[in-house]
Amino acid sequence: MTKVGFSTEDFNTFTIEGLEPRMEAIRSSIQPKFQLIGEELRLYVESLLNQDMHLHIAQHARRTTNPPKDTWLAIAANKRGYKKHPHFQVGLFDDHLFVWLAYIYELPGKQDIAKLFLENEHDIKETVPDSYMVSLDHTKKQAEPFQTLDLTASLERFRDVKKAEWLVGRHFSASDPLVQDGEALMTELKRTVQTLVPLYKLSYTALQ
């Protein structure tokens with residue numbers, strides 16, 4: 001098992017001023033960890049889904065001025081990219097680590113997925129633990145506990161608003177000892193992915 005965690009310095013990367021200095025820290029300190037963690041997680045997801053999956057690491061190549069506020073790895077069924085496909089994400093903001101099953105706005109057919117999810121709300125509520133979080137915008141830190149989420153309203157927004165997104169998963173505080181303990185972190189990442197795989201599979205029935 002990969003035994004790579006994230007240090008306080010990794011989270012402090014997002015306090016570094018300037019695009020190039022921050023990107024250099026991301027490339028030198030965080031991305032090598034993403035490669036190791038992502039490859040093990042990719043193989044695990046493959047075993048759960050019995051299909052080829054591919055690791056993508058955010059490069060932030062389009063940025064010219066503003067440094068990224070977060071960074072992430074993604075695991076998707078498509079070799080060329082992940083944004084237009086349901087995918088799993090693991091990443092960092094300055095104050096927490098996130099792991100998501102992500103449906104972001106570039107995804108074609110998101111209306112079909114939203115409709116299917118609305119038709120299967122009961123199953124979703126049975127699948128997703130109350131302690132999990134839902135984000136409606138992957139660029140923002142804010143997320144709501146699944147326990148208090150208006151699931152219907154969030155899915156209707158995902159269906160009806162062009163830029164709307166729907167991400168479900170977990171947050172781990174930067175101060176949580178688990179994020180520095182590589183073995184414990186990997187165990188929780190795998191557990192989270194395993195919990196969300198039924199939802200991932202359900203969403204693909206809407207795309208076929």
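I will begin with where the model comes from and then describe the fold.

This is a predicted model, in which local features need pLDDT of at least 70 and side-chain atom pairs count only at pLDDT 80 or more, while totals for chains, interfaces and linings use all residues. Residues are numbered from 1 along each chain as its sequence is written, and side-chain values use heavy atoms, with hydrogens and water left out.

The protein has 6 helices and 7 strands, where helices (H or I, at least four residues) and strands (E, at least two) are DSSP runs numbered from the N terminus. Read from that end, the order is α-α-β-β-β-β-α-α-β-β-α-β-α. Of the 208 residues, 51% are buried, meaning under 20% relative accessible area with a 1.4 Å probe and protein chains only.

Now to strand β2, residues 71–76, where 6 of the 6 residues are buried, so the strand is largely enclosed by the rest of the structure. In a regular strand the side chains alternate between the two faces of the sheet. Here T71, L73 and I75 point one way, W72, A74 and A76 point the other way, and all are buried.

Which strands flank this one in the pairing (at least two DSSP bridges between two strands)? Strand β1, residues 54–57, runs antiparallel to β2 and is joined to it by 4 bridges, with H54 opposite A76. Strand β3, residues 87–92, is also antiparallel to β2, through 6 bridges, and there A76 stands opposite H87.

Definitions and conventions: Buried < 20%, exposed > 50% of the residue type's maximum accessible area, 1.4 Å probe, protein only. Pairing = 2+ DSSP bridges.
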